[in-house]
Amino acid sequence: MRAAYASAFDADNPLAALTVGERPEPVHPADDWVTVQVRSSSLNHHDLWSLRGVGLAGDRLPMILGCDAAGIDPDGNEVVVYPLIADPGDPRGISILSEHFPGTFAERVAVPRENLVPKPADLSFTDAACLPTAWLTAWRMLTTKGRLDSADAVLVQGAGGGVATAAVVLAVASGKRVYATSRDAAKRERIAALGATALEPGARLPERVDVVIETVGAATFDHSLKSAAPMARIVVSGATAGHEPKVNLRRVFAMQLEILGTSMGTPDELRDLMAFCAERKVRPVVDAVYPFSEVAQAFARLHSGEVFGKVVLDHTA
Ligand SMILES: NC(=O)c1ccc[n+]([C@@H]2O[C@H](COP(=O)([O-])OP(=O)(O)OC[C@H]3O[C@@H](n4cnc5c(N)ncnc54)[C@H](OP(=O)(O)O)[C@@H]3O)[C@@H](O)[C@H]2O)c1
(Lines give C-alpha, C1' and ligand atoms only; values in the text may rest on other atoms or scores of the structure.)
Protein backbone atom coordinates (compact mmCIF):
# COMPACT_ATOMS: atom_id res chain seq x y z
CA MET A 1 0.00 0.00 0.00
CA ARG A 2 1.00 3.65 -0.53
CA ALA A 3 2.66 5.23 2.54
CA ALA A 4 4.94 8.03 3.73
CA TYR A 5 7.70 6.77 6.00
CA ALA A 6 11.02 7.52 7.63
CA SER A 7 13.72 5.53 5.89
CA ALA A 8 16.63 7.27 7.65
CA PHE A 9 17.24 10.14 10.07
CA ASP A 10 18.49 13.61 9.21
CA ALA A 11 18.85 15.91 12.19
CA ASP A 12 19.49 19.00 10.03
CA ASN A 13 17.17 18.39 7.08
CA PRO A 14 14.34 16.10 8.19
CA LEU A 15 12.61 16.44 4.81
CA ALA A 16 15.50 14.50 3.23
CA ALA A 17 14.69 11.51 5.45
CA LEU A 18 11.09 11.19 4.19
CA THR A 19 10.27 8.49 1.64
CA VAL A 20 6.98 8.04 -0.19
CA GLY A 21 6.37 4.59 -1.64
CA GLU A 22 4.98 1.11 -1.13
CA ARG A 23 4.88 -0.56 2.30
CA PRO A 24 3.39 -3.95 3.31
CA GLU A 25 -0.25 -4.13 4.44
CA PRO A 26 -0.83 -3.65 8.22
CA VAL A 27 -0.44 -6.68 10.48
CA HIS A 28 -2.41 -7.37 13.68
CA PRO A 29 -0.13 -8.10 16.67
CA ALA A 30 -3.16 -9.40 18.62
CA ASP A 31 -6.70 -10.64 17.94
CA ASP A 32 -8.37 -7.44 19.12
CA TRP A 33 -6.65 -5.32 16.44
CA VAL A 34 -8.53 -3.99 13.41
CA THR A 35 -7.56 -2.22 10.19
CA VAL A 36 -8.93 1.25 9.45
CA GLN A 37 -9.19 2.64 5.92
CA VAL A 38 -7.69 6.12 6.37
CA ARG A 39 -9.70 8.98 4.84
CA SER A 40 -7.80 11.94 6.36
CA SER A 41 -4.71 12.31 8.49
CA SER A 42 -2.89 15.34 9.87
CA LEU A 43 0.73 16.24 10.45
CA ASN A 44 2.28 17.06 13.80
CA HIS A 45 5.65 18.42 14.80
CA HIS A 46 6.18 14.89 16.15
CA ASP A 47 6.54 13.66 12.55
CA LEU A 48 9.43 16.07 11.97
CA TRP A 49 11.05 15.00 15.25
CA SER A 50 10.81 11.38 14.05
CA LEU A 51 12.60 12.23 10.78
CA ARG A 52 15.30 13.93 12.85
CA GLY A 53 15.73 10.75 14.91
CA VAL A 54 14.17 12.14 18.08
CA GLY A 55 11.85 9.66 19.81
CA LEU A 56 12.16 7.03 17.07
CA ALA A 57 14.79 4.31 17.42
CA GLY A 58 16.98 3.46 14.43
CA ASP A 59 16.14 -0.25 14.66
CA ARG A 60 12.47 0.63 13.98
CA LEU A 61 13.21 1.99 10.47
CA PRO A 62 11.58 2.01 8.00
CA MET A 63 8.62 3.42 9.97
CA ILE A 64 5.35 4.75 8.54
CA LEU A 65 4.83 8.21 10.06
CA GLY A 66 1.64 9.88 11.29
CA CYS A 67 -0.20 9.90 14.61
CA ASP A 68 -3.60 11.24 13.58
CA ALA A 69 -6.31 9.70 11.40
CA ALA A 70 -10.01 9.55 10.75
CA GLY A 71 -11.42 6.83 8.55
CA ILE A 72 -13.68 3.82 8.15
CA ASP A 73 -13.53 0.74 10.39
CA PRO A 74 -14.10 -2.85 9.13
CA ASP A 75 -17.83 -2.55 9.95
CA GLY A 76 -18.20 0.60 7.83
CA ASN A 77 -18.36 3.02 10.79
CA GLU A 78 -16.79 6.49 10.61
CA VAL A 79 -14.15 6.57 13.33
CA VAL A 80 -11.36 8.68 14.79
CA VAL A 81 -8.19 6.79 15.74
CA TYR A 82 -6.92 7.35 19.29
CA PRO A 83 -3.16 7.18 18.74
CA LEU A 84 -1.70 5.94 22.05
CA ILE A 85 -1.16 2.17 22.12
CA ALA A 86 -0.42 0.08 25.23
CA ASP A 87 3.21 -0.95 24.72
CA PRO A 88 4.96 -3.05 27.38
CA GLY A 89 8.22 -2.60 25.42
CA ASP A 90 8.23 1.14 26.15
CA PRO A 91 9.28 2.50 29.58
CA ARG A 92 6.15 4.74 29.54
CA GLY A 93 3.95 1.65 29.05
CA ILE A 94 2.51 3.28 25.93
CA SER A 95 3.73 4.53 22.59
CA ILE A 96 2.17 6.79 20.00
CA LEU A 97 1.49 5.47 16.50
CA SER A 98 4.66 5.77 14.37
CA GLU A 99 7.03 5.18 17.31
CA HIS A 100 6.68 1.40 17.56
CA PHE A 101 3.56 0.56 15.56
CA PRO A 102 3.20 1.85 11.96
CA GLY A 103 1.48 5.25 11.71
CA THR A 104 -1.39 6.79 9.81
CA PHE A 105 0.29 8.20 6.66
CA ALA A 106 -0.82 5.17 4.64
CA GLU A 107 -3.88 3.80 2.92
CA ARG A 108 -4.60 1.66 5.99
CA VAL A 109 -3.53 1.56 9.64
CA ALA A 110 -3.97 -1.16 12.28
CA VAL A 111 -4.86 -0.37 15.91
CA PRO A 112 -6.56 -2.14 18.83
CA ARG A 113 -10.35 -1.94 18.42
CA GLU A 114 -10.59 -0.04 21.74
CA ASN A 115 -8.64 2.81 20.09
CA LEU A 116 -11.55 3.59 17.77
CA VAL A 117 -13.73 6.52 18.81
CA PRO A 118 -16.97 7.20 16.86
CA LYS A 119 -16.68 10.29 14.65
CA PRO A 120 -19.54 12.73 15.24
CA ALA A 121 -21.51 13.00 11.98
CA ASP A 122 -21.22 16.79 11.86
CA LEU A 123 -17.41 16.75 12.00
CA SER A 124 -15.81 16.24 8.57
CA PHE A 125 -12.98 13.74 8.11
CA THR A 126 -10.63 16.71 7.69
CA ASP A 127 -11.71 18.25 11.00
CA ALA A 128 -11.76 14.93 12.86
CA ALA A 129 -8.21 14.08 11.72
CA CYS A 130 -6.94 17.23 13.45
CA LEU A 131 -8.20 16.28 16.90
CA PRO A 132 -6.40 13.19 18.30
CA THR A 133 -2.92 14.65 18.94
CA ALA A 134 -2.60 18.46 18.81
CA TRP A 135 -6.18 19.29 19.79
CA LEU A 136 -6.37 16.60 22.44
CA THR A 137 -3.09 17.85 23.90
CA ALA A 138 -4.42 21.42 24.01
CA TRP A 139 -7.71 20.25 25.54
CA ARG A 140 -5.98 18.38 28.38
CA MET A 141 -3.57 21.28 28.92
CA LEU A 142 -6.49 23.68 29.39
CA THR A 143 -8.93 21.48 31.27
CA THR A 144 -7.43 18.62 33.28
CA LYS A 145 -4.07 20.31 33.90
CA GLY A 146 -4.83 24.04 33.63
CA ARG A 147 -8.18 23.84 35.47
CA LEU A 148 -9.68 26.32 33.03
CA ASP A 149 -13.01 26.48 34.88
CA SER A 150 -11.35 28.48 37.65
CA ALA A 151 -9.39 30.75 35.27
CA ASP A 152 -10.23 34.17 33.88
CA ALA A 153 -7.32 34.73 31.53
CA VAL A 154 -5.04 32.48 29.46
CA LEU A 155 -1.74 33.08 27.63
CA VAL A 156 -0.81 30.89 24.64
CA GLN A 157 2.80 31.09 23.44
CA GLY A 158 3.82 30.55 19.78
CA ALA A 159 0.24 30.81 18.72
CA GLY A 160 0.70 29.78 15.08
CA GLY A 161 1.34 26.12 15.94
CA GLY A 162 -1.11 23.23 15.82
CA VAL A 163 -1.39 22.83 19.60
CA ALA A 164 -1.36 26.57 20.16
CA THR A 165 -4.13 27.48 17.68
CA ALA A 166 -6.20 24.72 19.25
CA ALA A 167 -5.63 26.20 22.71
CA VAL A 168 -6.64 29.68 21.48
CA VAL A 169 -9.86 28.44 19.87
CA LEU A 170 -10.84 26.23 22.82
CA ALA A 171 -10.09 28.90 25.45
CA VAL A 172 -12.01 31.57 23.50
CA ALA A 173 -14.95 29.16 23.06
CA SER A 174 -14.85 28.61 26.85
CA GLY A 175 -15.41 32.33 27.38
CA LYS A 176 -11.93 33.19 28.72
CA ARG A 177 -9.82 36.27 28.01
CA VAL A 178 -7.07 34.93 25.78
CA TYR A 179 -3.67 36.45 25.01
CA ALA A 180 -1.45 34.85 22.40
CA THR A 181 2.06 35.59 21.17
CA SER A 182 3.48 34.96 17.73
CA ARG A 183 6.68 36.12 16.05
CA ASP A 184 4.84 36.75 12.83
CA ALA A 185 2.66 39.82 12.16
CA ALA A 186 0.40 38.00 9.71
CA LYS A 187 -0.18 35.20 12.23
CA ARG A 188 -0.97 37.78 14.92
CA GLU A 189 -3.71 39.16 12.66
CA ARG A 190 -5.18 35.68 12.25
CA ILE A 191 -4.98 35.05 16.01
CA ALA A 192 -6.90 38.28 16.63
CA ALA A 193 -9.56 37.07 14.18
CA LEU A 194 -9.99 33.98 16.38
CA GLY A 195 -10.92 36.23 19.31
CA ALA A 196 -7.60 36.48 21.19
CA THR A 197 -5.48 39.53 21.94
CA ALA A 198 -2.39 39.01 19.79
CA LEU A 199 1.00 40.18 21.02
CA GLU A 200 4.62 40.08 19.99
CA PRO A 201 6.72 37.52 21.89
CA GLY A 202 7.85 38.97 25.23
CA ALA A 203 5.30 41.82 25.22
CA ARG A 204 3.88 42.92 28.58
CA LEU A 205 0.29 41.71 29.05
CA PRO A 206 -2.43 44.07 30.34
CA GLU A 207 -3.05 41.56 33.18
CA ARG A 208 -1.44 38.47 34.65
CA VAL A 209 -2.98 35.17 33.53
CA ASP A 210 -4.13 32.06 35.40
CA VAL A 211 -3.09 29.52 32.77
CA VAL A 212 -0.12 29.59 30.36
CA ILE A 213 0.03 27.17 27.43
CA GLU A 214 3.69 26.46 26.65
CA THR A 215 4.86 24.49 23.62
CA VAL A 216 7.73 26.78 22.58
CA GLY A 217 10.10 26.34 25.54
CA ALA A 218 13.37 28.20 25.96
CA ALA A 219 12.44 31.15 23.73
CA THR A 220 9.31 32.05 25.70
CA PHE A 221 9.53 30.45 29.14
CA ASP A 222 10.79 33.49 31.01
CA HIS A 223 7.91 35.51 29.59
CA SER A 224 5.52 32.76 30.67
CA LEU A 225 6.80 33.01 34.25
CA LYS A 226 6.58 36.82 34.26
CA SER A 227 3.04 36.79 32.85
CA ALA A 228 1.68 34.32 35.42
CA ALA A 229 -0.66 35.47 38.19
CA PRO A 230 -0.22 34.14 41.73
CA MET A 231 -1.17 30.39 41.83
CA ALA A 232 -1.14 30.21 38.01
CA ARG A 233 -0.61 26.97 36.11
CA ILE A 234 2.09 26.93 33.43
CA VAL A 235 1.33 23.83 31.38
CA VAL A 236 4.12 22.46 29.18
CA SER A 237 3.64 19.91 26.37
CA GLY A 238 6.50 20.77 24.05
CA ALA A 239 9.75 22.64 23.65
CA THR A 240 10.09 23.41 19.95
CA ALA A 241 12.63 26.18 20.62
CA GLY A 242 14.75 24.44 23.28
CA HIS A 243 14.04 22.31 26.36
CA GLU A 244 16.49 23.86 28.82
CA PRO A 245 15.18 27.33 29.62
CA LYS A 246 16.54 29.36 32.53
CA VAL A 247 13.92 29.25 35.29
CA ASN A 248 13.64 31.96 37.94
CA LEU A 249 12.81 29.73 40.91
CA ARG A 250 12.28 32.73 43.19
CA ARG A 251 9.31 33.70 41.03
CA VAL A 252 8.04 30.09 41.04
CA PHE A 253 7.83 29.85 44.83
CA ALA A 254 7.00 33.50 45.61
CA MET A 255 4.05 33.45 43.19
CA GLN A 256 3.23 29.82 44.10
CA LEU A 257 3.24 28.85 40.43
CA GLU A 258 2.55 25.33 39.23
CA ILE A 259 4.65 24.08 36.31
CA LEU A 260 2.85 21.05 34.91
CA GLY A 261 4.09 18.67 32.24
CA THR A 262 1.57 16.85 30.10
CA SER A 263 1.45 14.56 27.12
CA MET A 264 -1.53 13.90 24.87
CA GLY A 265 -4.74 12.89 26.68
CA THR A 266 -7.01 9.95 27.44
CA PRO A 267 -9.70 8.40 25.20
CA ASP A 268 -12.33 9.93 27.53
CA GLU A 269 -10.75 13.36 27.08
CA LEU A 270 -10.87 12.82 23.28
CA ARG A 271 -14.61 12.01 23.54
CA ASP A 272 -15.13 15.13 25.71
CA LEU A 273 -13.21 17.26 23.20
CA MET A 274 -15.27 15.98 20.27
CA ALA A 275 -18.49 16.57 22.18
CA PHE A 276 -17.35 20.12 23.03
CA CYS A 277 -16.51 20.81 19.36
CA ALA A 278 -19.83 19.42 18.15
CA GLU A 279 -21.88 21.23 20.83
CA ARG A 280 -20.12 24.64 20.57
CA LYS A 281 -19.71 24.39 16.79
CA VAL A 282 -15.96 24.71 17.27
CA ARG A 283 -13.90 23.54 14.30
CA PRO A 284 -10.12 23.00 14.05
CA VAL A 285 -8.03 25.69 12.40
CA VAL A 286 -6.79 24.10 9.18
CA ASP A 287 -3.75 25.67 7.54
CA ALA A 288 -3.94 23.58 4.36
CA VAL A 289 -5.26 20.29 2.99
CA TYR A 290 -2.93 18.40 0.64
CA PRO A 291 -3.81 15.35 -1.47
CA PHE A 292 -1.81 12.37 -0.21
CA SER A 293 0.17 12.42 -3.46
CA GLU A 294 1.65 15.74 -2.24
CA VAL A 295 2.66 14.51 1.22
CA ALA A 296 6.24 15.78 0.73
CA GLN A 297 4.91 19.31 0.11
CA ALA A 298 2.78 19.00 3.25
CA PHE A 299 5.89 18.15 5.27
CA ALA A 300 7.75 21.08 3.70
CA ARG A 301 4.89 23.36 4.70
CA LEU A 302 5.07 22.23 8.34
CA HIS A 303 8.85 22.49 8.32
CA SER A 304 8.69 26.07 6.94
CA GLY A 305 7.38 27.28 10.32
CA GLU A 306 4.78 29.35 8.45
CA VAL A 307 1.79 27.17 9.30
CA PHE A 308 -1.25 28.55 11.01
CA GLY A 309 -3.15 25.59 12.41
CA LYS A 310 -3.13 22.03 11.12
CA VAL A 311 -1.74 20.60 7.90
CA VAL A 312 -4.07 17.82 6.71
CA LEU A 313 -3.67 15.00 4.17
CA ASP A 314 -6.64 13.85 2.06
CA HIS A 315 -6.10 10.12 1.48
CA THR A 316 -8.86 9.92 -1.11
CA ALA A 317 -7.02 12.23 -3.50
N1 LIG B 1 3.47 16.30 24.57
C2 LIG B 1 2.52 16.11 23.68
O3 LIG B 1 1.60 15.34 23.86
C4 LIG B 1 2.56 16.91 22.45
C5 LIG B 1 1.51 16.83 21.52
C6 LIG B 1 1.57 17.65 20.42
C7 LIG B 1 2.69 18.47 20.27
N8 LIG B 1 3.68 18.49 21.17
C9 LIG B 1 4.86 19.35 21.03
O10 LIG B 1 4.43 20.70 21.07
C11 LIG B 1 5.24 21.48 20.18
C12 LIG B 1 4.35 22.17 19.17
O13 LIG B 1 3.77 21.18 18.36
P14 LIG B 1 2.89 21.59 17.12
O15 LIG B 1 2.53 20.33 16.39
O16 LIG B 1 1.81 22.51 17.56
O17 LIG B 1 4.02 22.33 16.28
P18 LIG B 1 3.94 23.41 15.16
O19 LIG B 1 2.56 23.36 14.59
O20 LIG B 1 5.11 23.19 14.28
O21 LIG B 1 4.12 24.80 16.01
C22 LIG B 1 5.28 25.24 16.57
C23 LIG B 1 5.10 26.74 16.93
O24 LIG B 1 6.12 27.09 17.84
C25 LIG B 1 6.46 28.44 17.67
N26 LIG B 1 7.93 28.57 17.61
C27 LIG B 1 8.80 27.78 16.97
N28 LIG B 1 10.06 28.21 17.17
C29 LIG B 1 9.97 29.31 17.94
C30 LIG B 1 10.91 30.23 18.47
N31 LIG B 1 12.23 30.10 18.25
N32 LIG B 1 10.45 31.25 19.19
C33 LIG B 1 9.13 31.39 19.43
N34 LIG B 1 8.20 30.54 18.95
C35 LIG B 1 8.61 29.52 18.20
C36 LIG B 1 5.89 28.91 16.37
O37 LIG B 1 4.93 29.88 16.64
P38 LIG B 1 4.91 31.33 15.93
O39 LIG B 1 5.46 31.15 14.55
O40 LIG B 1 3.49 31.69 15.98
O41 LIG B 1 5.77 32.22 16.75
C42 LIG B 1 5.30 27.66 15.74
O43 LIG B 1 4.10 27.93 15.07
C44 LIG B 1 6.23 20.51 19.54
O45 LIG B 1 7.47 20.60 20.23
C46 LIG B 1 5.61 19.16 19.74
O47 LIG B 1 6.57 18.14 19.80
C48 LIG B 1 3.63 17.73 22.24
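**Helix H7.** I began with helix H7 (residues 267-280): at 1.5 Å a residue its 14 residues should span 20 Å, and its end C-alpha atoms are 20 Å apart, which agrees. The expected span is 1.5 Å times one less than the number of residues. Helices (H or I, at least four residues) and strands (E, at least two) are DSSP runs numbered from the N terminus.

**Basis.** The model is predicted: local features need pLDDT of at least 70, side-chain atom pairs count only at pLDDT 80 or more, and totals for chains, interfaces and linings use all residues. Residues are numbered from 1 along each chain as its sequence is written, and side-chain values use heavy atoms, with hydrogens and water left out.

**H7 packing.** I listed the buried residues of H7 as Glu269, Leu270, Leu273, Met274, Phe276, Cys277 and Ala278. Buried means under 20% relative accessible area, exposed over 50%, and partly exposed in between (1.4 Å probe, protein chains only). These buried residues pack against strand S6 (78-81), strand S10 (116-118), helix H2 (125-145) and helix H3 (162-173); contact means heavy atoms within 4.5 Å. Just after H7, I noted that Lys281 takes a positive phi of about 55 degrees.

**Lys310.** I then looked up Lys310, which lies in strand S18 (residues 310-314). Lys310 counts as buried, at 2% relative accessibility. Its side chain makes a polar contact of 2.8 Å with that of Asn44 and another of 3.3 Å with that of Ser42. A polar contact is a pair of N or O atoms within 3.5 Å; within protein, one must be able to donate a hydrogen and the other to accept it, and residues adjacent in sequence count only if both atoms are side-chain atoms. Leaving aside residues up to four places away in sequence, Lys310 touches, among others, Asp68, Cys130, Trp135 and Asp287.

**Salt bridges.** I took a salt bridge as a side-chain nitrogen of Lys or Arg within 4 Å of a carboxyl oxygen of Asp or Glu; the count comes to 17. In the pair Glu258 and Arg147, the closest N and O atoms are 2.8 Å apart. Glu258 lies in strand S16 (residues 258-261) and Arg147 in the loop between H2 and strand S11 (153-156), so the pair ties together parts 111 residues apart in sequence. Glu258 is partly exposed at 28% relative accessibility, and Arg147 is partly exposed at 36%. I also recorded that Glu25, Glu107 and Arg108 are linked in a network of salt bridges.
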